[in-house]
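Subject: Structure handover

Hello,

Here is the structure I promised to pass on. My notes on it follow below.

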Amino acid sequence: ARLARPGLLVAIAAAGAAANLGYVLALLDGRVVVVLLLFYLAPVWTLLLAWWLLGERASRGGLGVVFLALLGALIMLWRPEAGALAMHAPEWLGLGAGLAFALCNVLLRRGRELPLGMRSVALFGGVTMLAALASQTNRIELGPFVTATAYRNPALVAKMAETIDEISGGRFVFGLGAGHTW
C-alpha cells in the first residue's frame, strides 16, 4: 500500500516539531510573559494560514480580532526610547513556535480526509523528532504541549514517550489531556 500524501504528513511532523522545540527553547531563556504573549498569537496566524492554505475567508469580526491582537502585541513590545520592538532571540522563537503551531493545525485540517490515526502519527512524529535532538544535548528538557489521550492509541503513546525519555536521560516532560481535534 502506498502512503497517502507523504509531503503533507512530513510537513505536519516538521511543524509539530518546530512548535514544540521553539516553545521549549523560548521559555528556557526568554521573558516568560512575552514568550507566552507571542506564542498565543497563534490564532492570528491560524486565521491567516487558513485563508491562504484552505481558502477560508475571515469575517469582519475575525479580521478585527487579528488587528486588535497584533496591536496589543505591538503596544506590549514597543519601546519608544529605542524606536523599535523589544524582542530578543527567545521572543522570536516564541513567535515562530506560535506560527509553527498554527501551521501544524491548519495542515492537520487540510489533511482531514486522511485517517485520524495517520494524522496523529505524523503529528507525534514531530515530537519523536525531539528524541533526536535529545540525544545531542544534555541540558534541555523536551516535551509536547499536551498530548490528547482520546485520539491516539495509548500503548503507542506510552511507548513513544518512554523511548524519548530513555534517549533524553529522563528529560522528557509528558503532558496528557482530554484533547480536541478540528
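At what angle do the axes of helix α3 and helix α4 cross, and within what distance do they come? The axes of α3 (residues 42-54) and α4 (residues 60-77) cross at roughly 140° and come within 10 Å. Axes here are lines fitted to C-alpha atoms, for helices over the stretch in contact, with angles running from 0 to 180 degrees between N-to-C directions.

Before the rest, two notes on the source. This is a predicted model, in which local features need pLDDT of at least 70 and side-chain atom pairs count only at pLDDT 80 or more, while totals for chains, interfaces and linings use all residues. Residues are numbered from 1 along each chain as its sequence is written, and side-chain values use heavy atoms, with hydrogens and water left out.

Overall layout

The protein chain has seven helices and four strands. Both are DSSP runs numbered from the N terminus (helices H or I, at least four residues; strands E, at least two). Along the sequence the pattern is α-α-α-α-β-β-α-α-β-α-β. The chain has 182 residues, of which 38% count as buried. Buried means under 20% relative accessible area, exposed over 50%, and partly exposed in between (1.4 Å probe, protein chains only). Of the contacts between residues at least 6 apart in sequence, 81% join residues at least 24 apart. Contact means heavy atoms within 4.5 Å.

α3 and α4

Back to the opening pair: α3 and α4 are oblique to each other. On the scale used, angles under 35 degrees are roughly parallel, over 145 roughly antiparallel, 65 to 115 roughly perpendicular, and the rest oblique. The crossing of α3 past α4 is left-handed. A crossing is left-handed if the near helix is turned anticlockwise from the far one by less than a right angle, and right-handed if clockwise. Val44, Trp45 and Leu47 of α3 make the contact with Gly62, Leu63, Val66, Ala69 and Leu70 of α4. By class, the residues of this contact are seven nonpolar, one polar and no charged. For these classes, Ala, Val, Leu, Ile, Met, Phe, Trp, Tyr, Cys and Pro count as nonpolar, Asp, Glu, Lys and Arg as charged, and the others, Gly among them, as polar.

α1 and α2

Helix α1 (residues 6-29) and helix α2 (residues 32-39) have axes that come within 8 Å and cross at roughly 155°. That crossing angle makes α1 roughly antiparallel to α2. The crossing of α1 past α2 is right-handed. On the α1 side the contact involves Tyr23, Ala26 and Leu27, and on the α2 side Val32, Val35, Leu36 and Phe39. The contact of α1 with α2 has seven nonpolar residues, with no polar and no charged ones.

α2 and α5

The axes of α2 and α5 are 7 Å apart, and the two helices pack at an angle of about 30°. They are therefore roughly parallel to each other, and α2 passes α5 in a right-handed crossing. From α2, Val34, Val35, Leu38 and Phe39 meet Pro90, Glu91, Gly94, Leu95, Ala97, Gly98 and Phe101 of α5. This contact of α2 with α5 divides into eight nonpolar, two polar and one charged.

Glu91 lies in helix α5 and counts as buried, at 2% relative accessibility. Beyond its neighbours within four places in sequence, Glu91 is in contact with Gly30, Arg31, Val34, Val35 and Leu38. Glu91 and Phe39 are 52 residues apart in sequence, with their C-alpha atoms 8.8 Å apart.

Aromatic pairs

The whole structure has three aromatic pairs. Rings of Phe, Tyr and Trp (its six-membered ring) pair if their centres lie within 6.5 Å; planes under 30 degrees apart count as stacked, over 60 as edge-to-face and the rest as tilted. The Tyr23 and Phe39 rings have centres 4.8 Å apart and planes at 55°, so this pair is tilted. Tyr23 is in α1 and Phe39 in α2, so the pair ties together parts 16 residues apart in sequence. Phe39 also pairs with Phe101, again tilted, at 5.5 Å centre to centre and 45° between the planes. Phe39 in α2 and Phe101 in α5 (residues 89-110) are 62 residues apart. Phe39 is buried, at 3% relative accessible area, whereas Phe101 is partly exposed, at 31%. Ring pairs link Tyr23, Phe39, Tyr40 and Phe101 into a cluster.

Regards
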